[in-house]
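I opened the notebook to look up charges and their surroundings. The entries follow in the order I made them.

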Amino acid sequence: MVTWEDKYAIGVESIDEQHKELFEIANRIYDLLKNDLITDKYDSIIEIIEELKNYTIYHFEAEEEYMKNIGYKKLLSQKVAHNDFLEKMESIDLDQIDNGHNEYLLGILDFVCEWLVEHIIKEDRLIVGSN
């Protein structure tokens with residue numbers, strides 16, 4: 001799917017490490033999906049999706065706390081973007097995954113990876129540049 005590159009770094013080590021972890025989790029879903037040696041992937045995929053959701057919540061909380069601590073003026077718009085992402089993650093239809101709709105899962109993964117890259121490059125980089 002998408003691999004971490006230094007160009008995604010915003011310069012805050014803890015946030016960059018969390019971003020790397022989000023990429024890793026999303027890529028594990030993709031790798032599992034593409035693994036033809038495993039026939040029943042549903043439970044494993046659901047487990048990793050839950051891990052992605054939980055880690056995303058943790059990351060957003062940490063990132064928002066950092067923004068609050070530095071007095072970042074666009075904290076509210078970041079929170080809105082974070083909430084929109086979490087709502088999309090909560091709307092995942094597990095039945096679509098269970099019924100073998102790989103295209104549906106690939107669509108979710110594309111959304112996650114594109115959102116992460118776009119959000120990091122267009123929004124998160126502004127956090128550091130604001131001070």
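**Salt bridges**

I began with Glu5 and Lys7, whose side chains form a salt bridge with an N to O distance of 3.8 Å. I recall that the model is predicted. I looked up accessibility for both partners. Glu5 has a relative accessible area of 36%, so I noted it as partly exposed. Lys7 has 47%, so it too goes down as partly exposed.

I then asked how many salt bridges the structure holds. The count is five. I followed up two others, Lys53 with Glu50 and Lys122 with Glu118.

Lys53 pairs with Glu50, and their closest N and O atoms are 3.3 Å apart. Where do Lys53 and Glu50 sit relative to each other in helix 2? They are three residues apart in that helix, which spans residues 42-70, so about one helical turn separates them. Is Lys53 buried or exposed? Lys53 is buried, because its relative accessible area is 9% and the cut-off for buried is under 20%.

Lys122 and Glu118 came next. Their side chains meet in a salt bridge at 2.8 Å, N to O. Both belong to helix 5, residues 102-129. They are four residues apart there, so the separation is again about one helical turn. Lys122 reaches 52% relative accessibility. Exposed means over 50%, so Lys122 counts as exposed. Glu118, at 39%, counts as partly exposed.

**Negative patch**

Which residues form the negative surface patch? I wrote down Asp40, Asp43, Glu47, Asp93, Asp95 and Asp98. Helix 2 and helix 4 (94-98) are the elements that give two or more residues to this patch.

I checked one member in detail. Asp98 is placed in helix 4. Its relative accessible area is 45%, so I listed Asp98 as partly exposed.

**Confidence**

I turned to the scores. The protein has an average pLDDT of 89. At least 70 is reached by 96% of the residues. Which helix has the lowest confidence, and which the highest? Helix 4 is lowest, with a mean of 79. Helix 3, residues 75-90, is highest, at 95.

**Two single residues**

I looked up Ser44, which is found in helix 2. Ser44 is partly exposed, with a relative accessible area of 33%. Ser44 and Ile29 lie 15 residues apart in sequence, and their C-alpha atoms are 8.5 Å apart in space.

Asp124 was my last stop. This residue lies in helix 5. Is Asp124 buried or exposed? Asp124 is buried, because its relative accessible area is 0%. In sequence, Asp124 and Asp36 are 88 residues apart. In space, the C-alpha to C-alpha distance between Asp124 and Asp36 is 36 Å.

How values were computed
Residues numbered from 1 in each chain as written. Predicted model: local features only at pLDDT ≥ 70, side-chain atom pairs only at ≥ 80, totals over all residues. Heavy atoms only, no water. Salt bridge = Lys/Arg side-chain N within 4 Å of Asp/Glu carboxyl O. Buried < 20%, exposed > 50% of the residue type's maximum accessible area, 1.4 Å probe, protein only. Patch = residues over 30% accessible without salt bridge, like charges linked within 9 Å, V, L, I, M, F, W, Y side chains within 5 Å. Areas by Shrake-Rupley, 256 points an atom, 1.4 Å probe, with all protein chains shown as cover. Lys, Arg positive; Asp, Glu negative; His and termini not counted. Charge placed at Lys NZ, Arg CZ, Asp CG, Glu CD. pLDDT = per-residue confidence, 0-100.
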